[in-house]
Structures are given as structure tokens and as C-alpha cells.
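Dear colleague,

I am passing the structure below to you, followed by notes on what was found in it. Please read the notes with the coordinates open beside them.

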Amino acid sequence: DPTQLAIRALKKEVSENRMEEFQTGSLAKQTVPGREHKGCAFHSKPSCIHFKDFDVGQTYKKKIILTNASYSVNYCRLVGISECLKDFISVHFDPPGKMSSGMSCEFVVTFKPMINESLAGEVMFEAQTGSFSVPLQCTVKSCVLALDKELIDFGSHVVGETISRTIILTNRGALGTRFKVQTSAGDRSTHRATVKPAPGSMVAHFSIYNMQQLQERTSLTCNSLLNWSWCNLKGQPQEKIQQLDQEVLSMRSDLDTDNAQDSVELSPKETPVEIMLGKVTEGEVGPFSSVKVPVLFVPAVPGDVRADFVIVFDNPDCKPVS
């Protein structure tokens with residue numbers, strides 16, 4: 001029938017023209033009186049296809065909804081997926097044909113992981129107004145560790161008391177790991193502030209440690225050597241008094257040097273352990289769980305004291321936290 005042949009030829013010509021428009025990019029603009037639509041013609045919900053915390057060998061499916069956000073009738077077709085996803089991702093999409101503004105359609109993404117490795121790519125579509133894509137991510141299980149505080153301030157306390165504070169180690173990831181709390185500088189991490197001698201203490205040190213030496217050098221009779229004004233110097237020659245003054249000044253100079261050396265902080269062997277860990281020093285922190293780690297403070301010597309601790313993990317991807 002010549003009429004049927006003419007209609008068939010016309011349809012073929014229209015189809016070829018539309019295919020040429022897709023290939024050359026000369027696509028129709030979506031306009032309404034006074035406005036022109038710009039941007040992506042279709043919106044996806046969710047905006048990103050995310051397969052999170054997957055297990056190798058399992059099969060996962062997600063349903064994605066596409067909505068026509070343009071001002072007029074539109075349609076879309078599936079172009080493909082990223083090359084890196086083709087071995088693990090398959091997309092099932094039945095083109096619905098022409099879609100009015102605000103209408104929706106859906107497609108299903110199936111993910112079957114064969115390797116424990118994160119992937120990223122996109123699912124690509126072509127619409128009457130241009131191409132668009134929906135991002136796709138696949139992330140492996142991981143540990144996301146954090147402390148509720150990084151500084152413990154015990155405040156001021158009396159020597160001999162025992163004060164306890166608790167820090168909470170939280171894992172917000174889907175993969176557990178073992179942890180261990182240790183000092184950041186070997187076995188000893190306690191640092192004590194330098195103790196300076198109080199003014200006027202030089203006379204006391206001199207009196208206690210050098211009384212016998214001074215009595216051996218002089219024949220003076222002193223009621224107390226804590227202050228030279230108490231000494232009985234009557235009847236002594238002037239030369240002997242000047243010699244005694246020189247000896248005292250020399251001994252005080254030596255004491256200044258000794259006290260400057262003694263004012264340095266205590267050696268590690270002499271420093272008492274005042275800040276220490278409680279019973280929980282290592283263990284397992286599971287997925288989406290938390291562990292309490294107690295820290296004890298037993299002040300033994302007056303003064304400020306500081307200790308540094310670090311938490312290390314068996315998982316090599318987890319960095320130590322202090």
C-alpha cells in the first residue's frame with residue numbers, strides 16, 4: 001500500500017534525525033513562556049548510589065528513582081557504566097518512553113563484589129536535553145576511631161589521694177580492631193616541673209652540711225651557725241676574721257653551684273609513677289561500639305606532673321591517637 005509505505009518512510013526519517021541529534025549533541029531546549037530550563041533534566045533519589053561496608057561474595061541491590069525535572073515532556077535511555085565497574089555492577093532499566101514534567105521512573109543496580117576493594121564510578125544516561133550521570137561508590141569496611149577527649153586535667157589534689165578519670169574510645173566503623181594503650185616515650189613518660197630552691201635556704205643548707213667543716217677550720221665557739229651575727233668573735237685577730245670571711249664566701253659559692261645542680265628534675269629512677277593506667281590497657285573494640293579506659297592519678301610529691309600516653313591499633317590503616 002503506497003500510504004503505509006509513506007508512513008513507514010516518514011517514521012524512519014524522524015528516527016534517524018533524532019539519532020543524529022543525540023550523536024551530534026544538537027539537542028532540543030526545554031523552554032516555557034519566559035523561562036528556559038538549565039541544568040540536569042532528571043534528578044535521582046538518592047543522589048549517589050553507595051554500597052557501604054560490603055562483604056565479598058554477597059549480592060546487593062539498590063533501587064534508584066529518576067524524576068523528570070525539566071519543564072516539558074522528556075525521555076531518557078541508559079548509556080552504560082564506568083569501565084572499572086563492569087565486572088561487579090549490572091543495571092536493569094526499562095525506558096518508560098515519554099515522561100511528562102514531574103513524572104518518575106526507576107532502575108535497579110546490582111552489585112556483587114569479588115574483591116575487597118573500594119570502587120568509584122558512575123551510571124550514565126542520555127536525555128532529550130543532554131546527558132547526565134548518577135555517581136556510584138562502593139566502600140569496604142573500615143575502622144573509624146576517635147577519643148572523647150585528648151586532655152585529662154586532674155586539677156589540684158592532696159598528696160596520697162587516688163583520683164580516677166575515664167577516656168572513651170569509640171569505633172564508628174563496621175570493622176573492629178585490637179588496641180593497646182602505652183606510654184609515648186617508653187616505660188617512663190612522667191615529667192615533673194623543675195623545683196627551685198626558696199630564697200634564704202642557702203643559710204640552712206650551709207649550717208646543716210658545713211657546720212662540722214667550719215668548726216674544724218676555726219676555733220670559734222658559736223651558739224648557732226645559722227647566722228654569723230650569733231658567733232662570738234671577740235678576742236680573735238683581725239687577720240683571722242678576714243680569713244674566715246674569705247672561707248665562708250668560697251664555701252657559699254660552692255654551695256650555689258651544688259644547689260643549682262640539685263635543682264634539676266629528678267632522674268627517671270627516682271621519679272615516682274603518679275599517673276598510671278587502670279585495669280584496661282588493651283583489648284578489642286568492635287564495630288559501632290566503645291571502650292572505657294581508666295587513668296589513675298596518685299600524687300606522691302607536691303608539684304605539677306604530666307604524662308603522655310598513646311593508643312596503637314593492630315589495623316595498619318588506623319593511625320595511633322594520643
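Where is the place of F288? F288 lies in the loop between strand 18 and strand 19, where strands are DSSP runs of E with at least two residues and helices are runs of H or I with at least four, both numbered from the N terminus. Phi of F288 is near 55°, a positive value in a residue other than glycine. F288 is also exposed, with a relative accessible area of 57%; here exposed means over 50%, buried under 20% and partly exposed in between, with a 1.4 Å probe and protein chains only.

Before the rest, a word on provenance. This is a predicted model, in which local features need pLDDT of at least 70 and side-chain atom pairs count only at pLDDT 80 or more, whereas totals for chains, interfaces and linings use all residues. Residues are numbered from 1 along each chain as its sequence is written, and side-chain values use heavy atoms, with hydrogens and water left out.

As for the protein overall, it has 3 helices and 21 strands, and 30% of its 322 residues count as buried. Its accessible surface comes to about 20900 Å², of which 51% belongs to carbon and sulfur atoms; the areas come from the Shrake-Rupley method with a 1.4 Å probe. Among the contacts with a separation of 6 or more, 71% are accounted for by residues 24 or more positions apart, a contact meaning heavy atoms within 4.5 Å.

Strand 13 (residues 177–183) pairs with strand 18 in the antiparallel sense over 4 bridges, and K180 stands opposite E282 in strand 18.

Strand 19 (residues 289–297), for its part, pairs in the antiparallel sense with strand 12 (residues 163–171) over 9 bridges, and in strand 19 the bridge partner of S164 is L296. Strand 17 (residues 275–277) runs antiparallel to strand 19 and is joined to it by 3 bridges, with L277 standing opposite V295 in strand 19.

S184 is found in the loop between strand 13 and strand 14 (190–192), and it is partly exposed, with a relative accessible area of 44%. Leaving aside residues up to four places away in sequence, S184 touches D308, F309 and V310. The C-alpha atoms of S184 and A307 are separated by 8.7 Å, although these residues are 123 residues apart along the chain.

A cis peptide bond, with omega about 0°, joins K45 and P46, and P46 is found in the loop between strand 3 (42–45) and strand 4 (49–52). D53, in the loop between strand 4 and strand 5 (60–68), has a positive phi of about 55° although it is not a glycine.

Conventions. Two strands pair if DSSP finds at least two bridges between them.
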